[in-house]
Amino acid sequence: MLIWIIFAAMTGAAVMAVLWPLGRRAPALSADTAGATTLYRAQIAEIDRDFSRKLIGAAEADAAKAEAARRLLRETASEAAPAGESEPALRRRRAASAIALSCVPLLALLIYGAYGSPTVPDQPLAARMKGNPAQDFELALARIEAHLAANPTDGKGWHVLAPVYLRQGRFEDAAKAFANAVRYDGATTERLGGQAEAQILAAGGVVTAAARESLAEALKLDPANPRARFFMAIAQEQDGQVPAAIASLKALLADAPADAPWTATVRTRLEGLERPAAPSDAIASLPEAERMTAIRGMVDGLAARLAEGGGSLADWSRLIRSQAVLGERDAAQKSLTTARQRLASDQAAAPALDGLRSELGLQEAAP
């Protein structure tokens, strides 16, 4: 209610400031007219003195007085009548002022009623922000980003911003933010694990060489870190070490607290690995020569399937890594070139394949 009283007072003051001059009666004589009249009287007095001293004759005195009168008329020709404004004109002007004073606020109220929100109750700022949490979040994020733009060495600020980027799906930005937090505020297992996760997600789920380095550093600081252990198990899976990956995931679940929220994700991954576990165990139990033959057969089968078309980044990465481990470097280089062509529309594929090429020391085959 107070705000409406303030608005009404401001509107009235503004209208009165504009209309106040219209309600005043015009002065009978302006400053310029008064000055011209005084000068005229002084000139007449001077002429009379000259005539009394017989410096000029009667005819010359009359002519000089006439000339002074003409100058006075020219000076005051554009001024209002000395009697001031007539009473009817003053009444009309005051009526116009009253109408304007009434219509301007009324018109403002009509416009606000048509285009404003008069039915919305007044709320404090905290209530309005609570009703729109997205606006509050965007405002806070913008403030953090502006702060870091001005203070790029604030490691704690990067530590706050990195998980936000990770939740938003801005994986490359998250990896850079985690790296800055480590660089400017020191390495922790949480920051290194987050950096590795962002690097893996940016590569489409492939545990790249850079991600492996981050995971290794995280495990040096805390060998029990669940996030680092989970992604290391995925790296074992991608290397074709499925039994080792299964053992790592089982150990992670055995060490997990009863209320750990991430155990469901680990169990799902473990179930996916255990389904083909029997053939893998059978291959592992074969003699060396037969085992290598069986593994090569599985790799050739994967290569044949991918040659027909399709395939994800994880499938191509598994094939390239397996071929390199088997010593089939020419085949791995050719698969790398084909994967780059097939996955050209996947923005995350190029950096992941570059990292895999550097890790395995491969050169792409000529197209």
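Colleague: How many helices and strands does the secondary structure of the protein come to?

Modeller: The count is 18 helices and 0 strands. Helices (H or I, at least four residues) and strands (E, at least two) are DSSP runs, numbered from the N terminus. This is a predicted model, where local features need pLDDT of at least 70 and side-chain atom pairs count only at pLDDT 80 or more, while totals for chains, interfaces and linings use all residues. Residues are numbered from 1 along each chain as its sequence is written, and side-chain values use heavy atoms, with hydrogens and water left out.

Colleague: At what angle do H8 and H9 pack?

Modeller: Axes are lines fitted to C-alpha atoms, for helices over the stretch in contact, and angles run from 0 to 180 degrees between N-to-C directions. Angles under 35 degrees count as roughly parallel, over 145 as roughly antiparallel, 65 to 115 as roughly perpendicular and the rest as oblique. Here H8 (residues 171-185) and H9 (residues 189-202) pack at about 155 degrees, with axes 8 Å apart. H8 is therefore roughly antiparallel to H9.

Colleague: Which residue classes make up the contact of H8 with H9?

Modeller: Contact means heavy atoms within 4.5 Å. From H8, the residues in contact include Phe-171, Phe-178 and Val-182; from H9, they include Leu-192, Ala-198 and Leu-201. By class, there are 11 nonpolar, 3 polar and 3 charged residues. Ala, Val, Leu, Ile, Met, Phe, Trp, Tyr, Cys and Pro count as nonpolar, Asp, Glu, Lys and Arg as charged, and the others, Gly among them, as polar.

Colleague: How many residues of H9 are buried?

Modeller: Buried means under 20% relative accessible area, exposed over 50%, partly exposed in between (1.4 Å probe, protein chains only). In H9, 12 of the 14 residues are buried, so this helix is largely enclosed by the rest of the structure. Among them are Arg-191, Glu-197 and Ile-200. Their cover includes H7 (155-168), H8, H10 (209-221) and H11 (226-238). For the whole protein, 29% of the 367 residues count as buried.

Colleague: What comes just after H9?

Modeller: Gly-204, with a positive phi of about 75 degrees.

Colleague: How far apart are the axes of H17 and H18?

Modeller: They lie 10 Å apart, and H17 (residues 329-342) packs on H18 (residues 349-360) at about 165 degrees. That makes H17 roughly antiparallel to H18. Their contact has 5 nonpolar, no polar and 4 charged residues.
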